[in-house]
Amino acid sequence: MHLLQRNRRLRQSSSIRALVQENHLTTDDFIVPLFVVEGKGIKEEISAMPDYYRMSLDLLSKEVKELWALGLKAVLLFVKVPDTLKDNKGTEALNPNGLMQRAIGCVKEAVPEMVVLTDVALDPYSSFGHDGIVENNTIVNDPTVEVLAQMALSHAQAGADIVAPSDMMDGRIGAIRHSLETNHFPDTGILSYSAKYASSFYGPFRSALDSAPGFGDKKTYQMDFHNREEALTETLRDLEEGADIVMVKPGLAYLDIVRDLRNNIEVPIAVYQVSGEYAQLKAAAKLGLVDENSLMYEQLIAFKRAGANLIASYFAKKVAEQLRS
Ligand code: PBG
């Protein structure tokens, strides 16, 4: 054979492969989700998420210093709220001295340059475990958006760099942007969970925060996973309303959505490798069925290849440790 083109020429050695490698992972790509609880000296493993922990503020401070030393530059905060503080309107979410507000201050004090992102949604604060206010078994949109706009402002006042609304109410990005602009926080960013699907992949996360819906499901606000085109519509609306970064969630099963967005918009795109994805890989590795490290890496590269700029992942610290060695 005298082939003009041989695809294998550029695969001959690891050096040649490195020269033509299209996608790379760096610590700059990652957002580290962190779960915070009240108390002192608490670092409890989340049973549905092996090797992942809920931490009290003192240990959060230590953790973010370690993350920073590894080159990780952004954390996404979630809080576990005691049942006694939960109500239908998520009143505790607006407490200037609430756990989230203190957690923001704690991270900023430990590592002032760490980018602090915060989850904006009512579910950890809701006695119904829903992302919005419930009236007659319905999650009501507009009153919820009012609370979310106040909640985002409260996070900005506490020092958050970027607020991340994960609730999927209509019009919340515009309301949050307005609230930030009119209250003198023009530089606080919004990472919108713009294409967030109603997914069974969130199961372990809900057990981590004790935030599973008390009735029904989240299908009246989160997207229907049978739909693809709708993701672009949702995302374009959020951009018109003032989002700075958009996000697709879950990750691996939704790479078509990441690529659609990449082909159509120019803002940074984040993808969330969610708790169920993490738990699946951990479980399969524990059974000895797959190799955890190499599969983890392969999945994370898949996000980059699909077109994501940022990856929120429970593997972030592990990857950073491996990238260093
Ligand atoms: C809350 C929220 C959820 C996740 C992030 N923010 C759960 C949900 O929508 O039910 C899921 C993250 C994960 O599974 O890792 N609005």
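Student: What volume does the second largest cavity have?
Tutor: About 30 Å³. By cavity I mean a set of points, on a 1 Å grid over the protein atoms alone, where a 1.4 Å probe fits but cannot get out. The points are joined across faces, edges and corners, and the volume is the space filled by probe spheres set on them. Keep in mind that this is a predicted model, where local features need pLDDT of at least 70 and side-chain atom pairs count only at pLDDT 80 or more, while totals for chains, interfaces and linings use all residues. Residues are numbered from 1 along each chain as its sequence is written, and side-chain values use heavy atoms, with hydrogens and water left out.

Student: Which residues line the second largest cavity?
Tutor: Phe78, Val79, Met100, Asp119, Pro124 and Tyr125; lining residues have an atom within 4 Å of a grid point. By class, that lining has 5 nonpolar, no polar and 1 charged residues. Ala, Val, Leu, Ile, Met, Phe, Trp, Tyr, Cys and Pro go down as nonpolar, Asp, Glu, Lys and Arg as charged, and the others, Gly among them, as polar.

Student: OK, how many cavities of 30 Å³ or more are there?
Tutor: The structure has 2. The largest cavity holds about 140 Å³ of space. It is lined by 17 residues, with Asp123, Lys196, Tyr202, Phe205 and Lys249 the closest to its centre. Strand β9 (189-196) and helix α6 (203-209) are the elements that give two or more residues to that lining; helices (H or I, at least four residues) and strands (E, at least two) are DSSP runs, numbered from the N terminus.

Student: And where does the ligand sit?
Tutor: In the largest cavity, where "sits" means that more than half of its atoms lie within 2 Å of the grid points. There are 18 residues around the ligand, and Lys196, Arg206, Lys249, Ser275 and Tyr314 come nearest.

Student: At what distance does a polar side-chain atom of Ser275 lie from an oxygen atom of the ligand?
Tutor: That pair is 2.7 Å apart. Lys218 also has a polar side-chain atom 2.7 Å from a ligand oxygen, and for Gln222 the distance is 2.9 Å. The protein buries 100% of the 400 Å² that the ligand exposes when taken alone, with areas from the Shrake-Rupley method and a 1.4 Å probe.

Student: Switching to pockets, how much space lies in the largest pocket?
Tutor: About 310 Å³. A pocket is an open set of points, with protein on both sides within 12 Å along at least five of seven lines. The lining has 17 residues, and those nearest the centre are Asp51, Tyr52, Glu63, Tyr314 and Lys317. Two or more residues each come from β1 (30-36), β3 (49-55), α9 (275-286) and α11 (316-324). By class, you get 10 nonpolar, no polar and 7 charged residues.

Student: Which element gives the largest share of the lining of the second largest pocket?
Tutor: Helix α7 (residues 229-241), with 6 residues. That pocket has about 150 Å³ of space, and its lining includes Met168, Arg172, Glu230 and Arg237. The classes there are 2 nonpolar, 2 polar and 7 charged.

Notes:
A residue is near a molecule or strand if one of its heavy atoms lies within 4 Å of it. A polar contact is a pair of N or O atoms within 3.5 Å; within protein, one must be able to donate a hydrogen and the other to accept it, and residues adjacent in sequence count only if both atoms are side-chain atoms.
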